[in-house]
Amino acid sequence: MAEMGSKGVTAGKIASNVQKKLTRAQEKVLQKLGKADETKDEQFEQCVQNFNKQLTEGTRLQKDLRTYLTSVKAMHEASKKLNECLQEVYEPDWPGRDEANKIAENNDLLWMDYHQKLVDQALLTMDTYLGQFPDIKSRIAKRGRKLVDYDSARHHYESLQTAKKKDEAKIAKAEEELIKAQKVFEEMNVDLQEELPSLWNSRVGFYVNTFQSIAGLEENFHKEMSKLNQNLNDVLVSLEKQHGSNTFTVKAQPSDNAPAKGNKSPSPPDGSPAATPEIRVNHEPEPAGGATPGATLPKSPSQPAEASEVAGGTQPAAGAQEPGETAASEAASSSLPAVVVETFPATVNGTVEGGSGAGRLDLPPGFMFKVQAQHDYTATDTDELQLKAGDVVLVIPFQNPEEQDEGWLMGVKESDWNQHKELEKCRGVFPENFTERVP
């Protein structure tokens, strides 16, 4: 019997809920058709709009914060693998191996600590902040339903009062239901009227605290990481000093005579070696007469005019090298990497004469060789090229060799040439020591 009673109560509750839904649906239809008035509260509706906006902003912030944490974790893994690679290639007999391993361990710990603090001080706080929204959202929806119930009870009571045949019993019951519906609605409405503005105002302090925490953690992380990187750099500098001559190829440093263009003296960034273009030599077979063809060593970049003459088709006379120059060349070859000289094919009226590149239409007239920018260079005159590290430049001779300053080359960026094919608009001068010769 108890079971049946329980089932009966459940069935009755379900029937009551279904009836409520039908009554609310009818009331909403009448309100939309204009046949029943609707209780409006513009102030509360504005609070609901602010609530929805605040929820949207908070949800987006939570999503972006999770993406940031995912990125931090990915960077941690990438940094860890990079350090593992360094440990593998760092040979046991090299000095500083233990220090390098310790730095790698500290690097790993620093990443882990940074990630965990972001979770504790930002993400968990974010989750707590957003945790209050679902309950309030549910209460706002429930208030809306109770408002419809109140309007429905009010309209039912008013219709009974205006009926031609009044039933006092029904009117009394309708009045009782109206008072009950009004009480339930007003209790919920008062609570939300207090909570929603307070929640809306709390967003400022929450955003400030969240971003201050993230900024502070990131600042401390980069400070500590900077110290580790400096320590690793010191270890590697020490290794280079002890084994550099036997293990690593050291690029030649720029000469004391800084290149100049007018009153300018551009130089690569501090600590960066100046680019030393590779110079190669093609030895021509010796003629039958025993005379050596004119393929003398070109002078240093401080004598670009002669290099232009070679590129332009003017061949130096055989045996023009003086004894002093021979001694200087031998001395230079003992301190610099293998230096070879290549005589470039002559150009006549913009056409390359001889050589494997003769008549190539995809290169500018007079093309000599390619260089690649090793450092950024900011142009200071309209006749200079603006370079970014990695830019490839096609080197061409000066129209007037006398206009070439020491340490400067004339060229056109390969990207500009491929796009425009107009030499007059694209060519310009640039400092040679910012570039390096490429094949």
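Predicted model: local features only at pLDDT ≥ 70, side-chain atom pairs only at ≥ 80, totals over all residues.
Visitor: What makes Arg139 and Glu195 a salt bridge?

Guide: Their closest N and O atoms are 2.7 Å apart. The cut-off is within 4 Å, between a side-chain nitrogen of Lys or Arg and a carboxyl oxygen of Asp or Glu, so this pair counts. The two residues link distant parts of the chain: Arg139 belongs to helix H4 and Glu195 to helix H5, 56 residues apart. Together with Asp135, they are linked in a network of salt bridges.

Visitor: Why is Arg139 called partly exposed?

Guide: Its relative accessibility is 22%. Buried means under 20% and exposed means over 50%, so a value in between is called partly exposed. Glu195, at 30%, is partly exposed as well.

Visitor: What makes Glu219 and Lys223 a salt bridge?

Guide: Here the N to O distance is 3.6 Å, and the limit is within 4 Å, so the pair qualifies. Both residues lie in helix H5, 4 residues apart, which is about one turn of the helix. The structure holds 13 salt bridges.

Visitor: Why are strands E6 and E7 said to stand at the edges?

Guide: The open sheet has 5 strands in the order E6-E5-E4-E3-E7, with antiparallel pairing. E6 and E7 each have a single partner strand, so one side of each is left without a neighbour in the sheet.

Visitor: How do you know that strands E3 and E4 pair?

Guide: 4 bridges join them. Pairing takes at least two bridges, so they pass. Within this antiparallel pair, Lys370 stands opposite Leu394 in E4.

How values were computed. Residues numbered from 1 in each chain as written. Heavy atoms only, no water. Buried < 20%, exposed > 50% of the residue type's maximum accessible area, 1.4 Å probe, protein only.
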